2 protein chains.
Amino acid sequence: MRGDLYAADCPSRQVLDRIGDRWSVLVVSTLADGTLRHGGIAGRIHGITPKMLTQTLRGLERDGLVHRTVYAEVPPRVEYGLTDLGHDLVGLMRRLEDWAETHIGDVESARSDYDARATASRK
Amino acid sequence: MRGDLYAADCPSRQVLDRIGDRWSVLVVSTLADGTLRHGGIAGRIHGITPKMLTQTLRGLERDGLVHRTVYAEVPPRVEYGLTDLGHDLVGLMRRLEDWAETHIGDVESARSDYDARATASRK
DNA sequence: CTGTATCCTCTCTGATACTG
DNA sequence: CAGTATCAGAGAGGATACAG
């Protein structure tokens, strides 16, 4: 049977919440092609702050989507990469991106129509 | 070429934002099997307030995912249903749900491990 | 370089009461 | 029945400064 979408603690909800947060998808997507260091990720995602990057990475690491490797060097080096689970999820994210790119035109024209109608009927 | 995921106004971002909001996925999912009235939706989604339901429906309608039909009767009747675009998106949502159900066990054990390690190393 | 610690704002969300 | 209006709380996210 299907999970109960209406329960706040439903698996679907949790996955959706993660996908919905501001940076997780971007970070996972950035790591899709290989491991990167903290600074390397920050450089590719415009606008992310160190705090949010760390916070996002911790959440992904906790969920088993990202693995973190610390090299005992001076200066310290820390690399992040996707786990098998993370790679698996990337596939789904790509489909979402594809859908967005394929249908964004429809969405935008729908918005224009809607806004035009709303403006026309404004009292 | 791919869209620029790193831009805040990227199509992917907008779709992701909608999926991430609290009620949109639930509402779309509820409408997947057929049209429903305002009260009918509210009755199936436990915890949603009239205000949030209306707000969510307006957003979905604006994006062309849901269509709204008003019947000039007494008392008034308003029905909501998915557009073709909405039905298309439901397919993707189902895959997300399937992924969640398949892998939630992995995620949960990863969390347990992570939390156990964090507790063990707490200063 | 790789984070951590504060503070602060802003949006989302909910509770409540009211209208056509 | 199907909303709308208003107020208020909570929490995510951002700016900034600092530490190992």
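Biologist: Which residue does Asp63(B) form a salt bridge with?

Modeller: That would be Arg111(A), with the closest N and O atoms 2.6 Å apart. Keep in mind that this is a predicted model.

Biologist: Noted. How many salt bridges are there across the interface of chain A and chain B?

Modeller: The rule finds four. As for polar contacts between chain A and chain B, the count is 13 residue pairs, both residues being at pLDDT 80 or more.

Biologist: And which element gives the most to chain A's side?

Modeller: H5(A), with 20 residues. By class, the side of chain A that touches chain B has 21 nonpolar, nine polar and 18 charged residues.

Biologist: How much area gets buried between the two chains?

Modeller: About 4,900 Å², and 61% of that is on carbon and sulfur atoms. Chain A puts 48 residues into the contact and chain B puts in 47.

Biologist: Switching topic: what's the strand order in the open sheet of chain B?

Modeller: E1-E3-E2, three strands with antiparallel pairing. E1 and E2 of chain B each have a single partner strand, so one side of each lacks a neighbour in the sheet.

Biologist: How many bridges join E2(B) to E3 of chain B?

Modeller: Six. To pick one residue, Thr69(B) has Glu79(B) as its bridge partner in E3(B).

Biologist: Which helix packs on that sheet?

Modeller: Helix H4 of chain B, residues 50–62, which touches E2 and E3 of chain B. The direction of that helix makes about 110 degrees with that of E2(B).

Note on methods
Residues are numbered from 1 along each chain as its sequence is written. Chains are lettered from A and ligands numbered from 1 in the order in which they are written. This is a predicted model: local features need pLDDT of at least 70, side-chain atom pairs count only at pLDDT 80 or more; totals for chains, interfaces and linings use all residues. Side-chain values use heavy atoms; hydrogens and water are left out. Contact means heavy atoms within 4.5 Å. Buried area is the accessible area (1.4 Å probe) that two parts lose on being put together, summed over both. A salt bridge is a side-chain nitrogen of Lys or Arg within 4 Å of a carboxyl oxygen of Asp or Glu. A polar contact is a pair of N or O atoms within 3.5 Å; within protein, one must be able to donate a hydrogen and the other to accept it, and residues adjacent in sequence count only if both atoms are side-chain atoms. Helices (H or I, at least four residues) and strands (E, at least two) are DSSP runs, numbered from the N terminus. Ala, Val, Leu, Ile, Met, Phe, Trp, Tyr, Cys and Pro count as nonpolar, Asp, Glu, Lys and Arg as charged, and the others, Gly among them, as polar. Two strands pair if DSSP finds at least two bridges between them. Axes are lines fitted to C-alpha atoms, for helices over the stretch in contact, and angles run from 0 to 180 degrees between N-to-C directions.
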